[in-house]
Amino acid sequence: MGVPATTTMGESESPRSPEAKLGMQVEDLWDVQEPQLSPTEKLNACFESVPVSAFPPAPSNQVIEIKSDTSLAEAVKILSQHKILSAPVVDVDAPEDASWIDRYIGIVEFAGIVVWILHQSEPPSPRTPTSPSSATAIAAAANGLKGLDIAGLELGSDFAATTAGSFFEALTSSEFYKNTQVRDISGSFRWAPFLALQTSNSFLTMLLLLSKYKMKSVPVVDLGDGKIDNVITQSAVIHMLAECAGLQWFESWGTKKLSELGLPMMSADHIIKVYEDEPVLQAFKLMRKKRVGGVPVIEKGGSRAVGNISLRDVQFLLTAPEIYHDYRSITAKNFLTAVEKYLETHHEVYPMLSTMVTCKKDHTIKDLILMLDAEKIHRVYVVDDDGNLEGVITLRDIISRLVHEPRGYFGDFFDGVLPLPQNSRV
């Protein structure tokens, strides 16, 4: 796939985007750095001098929050409508003057919702004591999904044959799904620690959290009103970098080839993948278990990739369950086919699932950033001249090559957060 043409920012371009203005701020800092510093050291110094409060807010200029008494069904609808992967959850029982740590009980996300539903449907392990609350949830699941093959939710080797195409249609219409509230699932997935930055924290801190520390988004809290002021995502950082193409600080780094920067970090042998005849839920389970954001779908009995499934695609199991009704089972291939037809019918703009966006090692990091931003995707697969898979590069990989963590940088930053204190209510 071709790389979008590069536009060099000139003085005549006006008005500049908020991201470009931020890039100019970094440019001014770049010009006054000590000449003996390496480009990476210069970038570190620049980003350490810029507060996260300078990062442009979300396009809607509003942070989407979900109340703790919101139903699972409504939470899924909110995430889908706003085209976001996750949202902070506000505790409706928190007092008006609550601090941010008491106001928010965590982050709710698509993948976690599905994994939680599957977890509640599985029989408890004989080695794991079942708490009254989880026992109630399992009973509610069984009652709410009467007539469904609950045991079929266990992701075994025969899972594809036991999960009928009508499964999620029945699940999302069940009273269990409609009546379960977001706060009922707190503690089930990525709720602790609830890590947020203050507006005075630096860009460098934010970039390190999004790369080395594997956070997909970082809430920024205004301590004055105890509320989240902004949510900075990996995608938003990549968009900012794309808007900075042409600036000296960006070009000094962005014109380097991927191979010069040690990319891809993950070779073909280590890529997590699924085959087209495997159950699609196995793909999502693998993503959560291996902590990756997407997997290629490989043709049966071969090695050619025929599509890509990412964590955010899980929304189509919950928001459009009827599209699988005619399938005997929801395999990865059936999932890709059904979603493509759904998007085409509804004329929705969404990153293509069946298209593998690729690049080669001799592309520059700038090429890759412009491609990721233009396609609104989270990963690009690296191939050789014959189209064979050589690796994968993610948003996090790119950000990790922009800055480095100085020795002892975080100090006691994570104290009280990792691990979470036992008496914490979060």
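Modeller: Strand E5 (residues 217-222) is mostly covered, with five of its six residues buried. Buried means under 20% relative accessible area, exposed over 50% and partly exposed in between, for a 1.4 Å probe and protein chains only. Strands (E, at least two residues) and helices (H or I, at least four) are DSSP runs numbered from the N terminus. The model is predicted, so local features need pLDDT of at least 70 and side-chain atom pairs count only at pLDDT 80 or more, while totals for chains, interfaces and linings use all residues. Residues are numbered from 1 along each chain as its sequence is written, and side-chain values use heavy atoms, with hydrogens and water left out.

Serine 217 lies in E5. At 15% relative accessibility, serine 217 counts as buried. Leaving out residues up to four places away in sequence, serine 217 touches Ser86, Leu210, Val231, Ile232 and Thr233, where contact means heavy atoms within 4.5 Å.

E5 has two strand partners to describe. Two strands pair if DSSP finds at least two bridges between them. Strand E4 (residues 197-198) pairs with E5 in the parallel sense over two bridges, and glutamine 198 has valine 221 of E5 as its bridge partner. With helix H10 (residues 203-210), E4 and E5 make a right-handed β-α-β unit. Right-handed here means that, with the strands pointing away from the viewer, the path from the first strand over the helix to the second runs clockwise. E5 and E6 form a hairpin with four residues between them, and glycine 226 in the turn has a positive phi of about 65°.

Five of the five residues of E12 (residues 379-383) are buried, so E12 is largely enclosed by the rest of the structure.

E12 belongs to an open sheet of four strands in the order E7-E13-E12-E11, with mixed pairing. Its edge strands are E7 (266-267) and E11, each pairing on one side only. E11 (residues 358-359) runs parallel to E12 and is joined to it by two bridges, with threonine 358 opposite tyrosine 381. On the other pairing, five bridges join E12 to the antiparallel strand E13 (residues 389-394), where valine 392 is the bridge partner of tyrosine 381. Valine 392 also has methionine 266 opposite it, as E7 and E13 run antiparallel and are joined by two bridges. The hairpin of E12 and E13 has five residues between the strands, and in it glycine 387 takes a positive phi near 85°.

A helix also belongs to this region. E11, helix H16 (residues 365-375) and E12 make a right-handed β-α-β unit. H16 lies across E11, E12 and E13 and runs at about 130° to E12. Axes are lines fitted to C-alpha atoms, for helices over the stretch in contact, and angles run from 0 to 180 degrees between N-to-C directions.
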